[in-house]
Amino acid sequence: MSEAILEAPGSGAPETLANPVEQAISALKERFPEAVVDDPRDGYSGLVVPADKLTEVALALRDDLGFDYLSSVTGVDLIEDGKLEAVYHTYSIDKGGSAVVLHVQVDRDNPVIPSLVPVWPGADFQEREAWDLLGIQFDGHPDLRRILTWDGFHGHPLRKDWKEPFYEEDTKPFGSRWPAGGVLRAEELNPYGQNVQYPAGWVPTGDEYDVETEMYAITGADLAYSIDASQQMKTDKITVNLGPQHPSTHGVFRMVVQLDGETVVDLKPVMGYLHRNHEKIGERNTFLGNIPYTDRLDYLSPISNNLGYVLAVEKLLGSVVPERAEWIRILTVELTRIANHLWAIGFLLNDLGALQTPMLYFYIERELILDFFEALTGARMMNNYMRFGGVAYDLPDEIRGQATMEFLNELVHERLPRAIEQGDNLMTHNEIVRARSIGVGVLTRKESIAYSMAGPMLRASGVNYDVRKAEPYSYYEQLDFDIPVYYNGDVYDRYKVRMDELQQSLRIVRQVLPHLQATEGAPIIDGKPSYAIRTPQPGEAYGRVENPKGELGFYVTAKRRSSSPERYHVRAPSFINLTSLGKMCQGHKVADIVVILGSIDIVLGEVDR
Amino acid sequence: MTTSNTGAVAPGVTVPEELSNNVMITNIAKLLDPAYNWARRNSIWPMVFGLACCAIEMICTASSRYDLARFGMEVFRATPRQSDLMIISGTVTKKMVPTIVRLYNQMPEPRYVLSMGACASGGGPFKEGYNVVDGIDKFLPVDVYVPGCPPTPQALINGLIALQEKIDQQSIATAPWYRKDDPTAGLVPIPVLGPDLVDLRQLDTIKREAAKAMAEQKQMEEETAVSPKPPDTQSYEIDKDKQ
């Protein structure tokens, strides 16, 4: 068991390959002999880099060692050492494999780390998030404002000494509720009866509420006249708010757009309208208790999220997953991908003006997949299905009166191919679709890597990167499937990537079904299902999966024998994919913003967490 | 003599037997409410207002399998000015709640609020979160609560039928939105974002608590001659004796 725990990301790649991670780490140590050292902590595998050397190390990683993809930036509060830490996961697009992990530790009272935005623009929102929630100052960041809470919010909520208004105890289940049974409601403990608290001595005056000054100072205050060269006509730039209540924003997302006429000059996404404190709550939950919360991240593909989290914690626990459970995992995850893409395409066409028709064409097939999930897990959407070391339930005997295998076979061999073909015929060569999406929202290969794009966004820009191939998990290595790649990087190519991924997912599911039949009756979980899970060793783990939206990563650290994560961070693909939205929209018209946003395929539960 | 199903026997009016199925005898007061309610209950237009996960089930409800059109509710309007019903479909966060209240105020009366799912009804699994409002009913008057996380489309339809039944019980004579004495009666003060969410109706409480906190702090400082660093925020930990 302990071996598995030591094998955290960074050293997990198979020995047979010339391990690029080890090569990069030794090269870095050679180049920065004084500065870069192995992380001395038990169970940690990355490198510790001093803050003043970070930019140089990052440049060396990016330019010379081929680790050109910054996947995740995580802030950690090490309150016992009096330090704040930033953790960077970098990957190599060409070589694949696991991550080179950099840890930068700074003093808690003066937490200044150089910003990596000049090296990787994709660090932009992630650094803002670490500033917002942990108070790490990123020196040189172009726009270091709060992102998930609002300007003027009091404190940095993910610091361990910041207690929420409804704070009860450090870990769940709360002693006040169980097992003693004395139920106290949080409302009764809070003097306002609501989930609010104010700084000591703060008295409202009514003047301080204009909290968006900074927002507009950056986007809208620059109302300089610009001169149209051709006609010598003075035009005035205007600032327009789209959202948070807007039918095109796929939820509660807001864009502050600066327009010159109808042309977009600048666009700033504003988010946090669905920030429901996933990480703070996750650090108080038990490991098992977090699984249902992961459902609610990307709520169009809940089982996929389960898998990412479960993989991360399994690294900490050292669980071994039985064969049948792995096949069921792949089956459910790929069906989730199909269900997600069917609607992603439907929503995109919605945004293009084909209001609801394509979505309704795909609707019945998605409902059939949900019927399967309902029979399997008991819920249509929030499945809460994965467990550490397996899955929660075996396949049901029947689904809506039909034997399960018969139902699945009919679904993947007849219903779904037919629906996808129908959609393909209707949309792919449709004149309006092509006119509106070809050449719109272009992101080049280089930009998409620099902006840390993931999933279909990356693959539509000509980058052949898919976690299922780059760092295979579960049984994906044994399966035969292709990664669709397109090269124009526009909205149309993203649509086509998703269309092709539907076919590839079907191909995977078809290969999985015989295995399910062969392993019928085999165990679906490693050992007995356990509820009071404790980590045998301290350490960190990073689990990542190729979600329908892109790479979903979970960074989990734990102490020895702890029942809940010490730090629990989600690398949300929708959130990071939005980093490039402003860039993609520049120069396009207002109507194109809607389409470009639709092509990213965001889910606000995951953007805001 | 036949009477209608809406009123009592009208004295002195005779309806021939062959017309008994076609003629309804009532008076205007008794006719108005049922006719008015019948029209309204069958054309409740919800607002396109997806907050979170529940919105996906709301879309499913409106789609072909569950077919909200059977209830006259398929016309989702993107603007509050054309909507009758606000379905709070998901977690209400502090950052979002000023917008929600503003949208509610912009809806024309009669307006209804349906709280869909655990989060909207009471915070749900995210209740303790620092950015979560524990239930939209802290701010808006809710007509129907639909439990579930998320509620299935069947549950939402059940909630909408419950709303229709509620509308059936209403009368023009007593409905609050026809009161002429106070035109701002139905409006909810829009909360604002300060250091935390500020409910303007709670200003007095906030000032009182701030004064109390100041006094406590002063007392603390007097007690300990070497004053420690003042606490950053008021923290409301469980009084262990209470348990």
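N277(A) is found in the loop between strand 11 (263-270) and helix 7 (278-282) of chain A; helices (H or I, at least four residues) and strands (E, at least two) are DSSP runs numbered from the N terminus. The model is predicted, so that local features need pLDDT of at least 70 and side-chain atom pairs count only at pLDDT 80 or more, while totals for chains, interfaces and linings use all residues. Residues are numbered from 1 along each chain as its sequence is written, and chains are lettered from A and ligands numbered from 1 in the order in which they are written.

Phi of N277(A) is near 65°, a positive value in a residue other than glycine. N277(A) counts as buried, because it has 25 C-beta neighbours inside 10 Å. A residue is buried if 20 or more other C-beta atoms lie within 10 Å of its own, exposed if 12 or fewer, and partly exposed in between, with C-beta atoms placed from the backbone. A positive phi, near 55°, is also taken by R561(A), again a residue other than glycine. R561(A) lies in the loop between strand 17 and strand 18 of chain A and is exposed, with 10 other C-beta atoms within 10 Å. Most residues other than glycine have a negative phi, and most peptide bonds are trans.

Two cis peptide bonds may be described in chain B. One joins E109(B) and P110(B), with omega about -5°, and P110(B) is in the loop between helix 3 and strand 2 (112-116) of chain B. The other runs from C149(B) to P150(B), with omega near -10°; P150(B) lies in the loop between strand 3 (144-146) and helix 5 (153-168) of chain B.

Nine bridges join strand 16 to strand 17 (residues 550-558) of chain A, and G539(A) has A558(A) as its bridge partner in strand 17.

Elsewhere in chain A, strand 3 (residues 69-78) and strand 4 pair in the antiparallel sense over nine bridges. The bridge partner of L70(A) in strand 4 is T90(A), and T90(A) stands opposite V100(A) in strand 5. Strand 4 and strand 5 (residues 100-107) of chain A run antiparallel and are joined by eight bridges. Strand 4 (residues 83-91) is mostly covered, with eight of its nine residues buried. In the hairpin of strand 3 and strand 4, which has four residues between the strands, G82(A) takes a positive phi near 70°.

The largest nonpolar core has 221 residues, of which V313(A), I593(A), I88(B), V92(B) and L114(B) touch the most other members. Such a core is a set of buried Ala, Val, Leu, Ile, Met, Phe, Trp, Tyr and Cys residues joined through C-beta atoms within 7 Å. Helix 10 (residues 323-352) of chain A gives the most to this core, with 17 residues.

The contact between the chains takes 62 residues from chain B and 63 residues from chain A, where two residues are in contact if their C-beta atoms, placed from the backbone, lie within 7 Å. The largest share of the side of chain B that touches chain A, nine residues, comes from helix 6 of chain B.

Methods
Two strands pair if DSSP finds at least two bridges between them.
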